[in-house]
Amino acid sequence: MLEKAKREYTKLQQQWDIDNVFNFFVTARHIKDYIEGTKVVEKTVLDDFLADQDLKDCQYLCDKGKHLKLDNKNFPNHLTTIWDGSINGAPINAIAINGNAKWVLINRDREVDVKWLAERVLAKWEKFFSTHGL
């Protein structure tokens, strides 16, 4: 599943669109299912890893993409939006006027660039596999 996430990440880098975003984050989120199923890593170790904020954001994007409405209280203030370079298309100084669009995950106290998040999530999964000899 990690190899599939790498392929989805490559597709995402080649063409940034909603299908590739969805495919990457759903795949990246479900790597955990394979680890849980094989029990090659203690559940507490995996749970600690999944408590990382980037992995939580990955979970949100996966779940939000799969479900029309999230009832999960883990994400009460999350919003995903696309900022663009048009007037009123983004907060002031967020991106350049006429600049490229930027996908953003917004929580009440922070904003996360979704492209940057994808890169970090993949790097963290690769490190997890390396650390645990997977």
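Tutor: A salt bridge is counted where a side-chain nitrogen of Lys or Arg lies within 4 Å of a carboxyl oxygen of Asp or Glu. Please note that the model is a predicted one.

Student: Is Lys43, which meets Asp47 in a salt bridge, buried or exposed?

Tutor: The two residues are 4 apart within helix 3 (residues 43-50), about one turn of the helix, and their N to O distance is 2.9 Å. Asp47 is partly exposed, with a relative accessibility of 32%. Exposed means over 50%; because Lys43 has 56% relative accessibility, Lys43 is exposed.

Student: How many residues apart in sequence are the parts that Arg120 and Asp54 tie together?

Tutor: Arg120 and Asp54 form a salt bridge whose closest N and O atoms are 2.7 Å apart. Arg120 belongs to helix 5 (residues 114-131) and Asp54 to helix 4 (residues 53-66), so the pair ties together parts separated in sequence by 66 residues.

Student: Is Asp54 buried or exposed?

Tutor: Buried means under 20% relative accessible area. Arg120 is buried at 16%. Because the relative accessibility of Asp54 is 9%, Asp54 is likewise buried.

Student: Which residues are linked with Asp54 in a network of salt bridges?

Tutor: Lys124 also meets Asp54 in a salt bridge, at 2.7 Å from N to O. This pair links helix 5 to helix 4 across 70 residues. The network joins Asp54 with Asp52, Arg120 and Lys124.

Key
Residues are numbered from 1 along each chain as its sequence is written. This is a predicted model: local features need pLDDT of at least 70, side-chain atom pairs count only at pLDDT 80 or more; totals for chains, interfaces and linings use all residues. Side-chain values use heavy atoms; hydrogens and water are left out. Buried means under 20% relative accessible area, exposed over 50%, partly exposed in between (1.4 Å probe, protein chains only).
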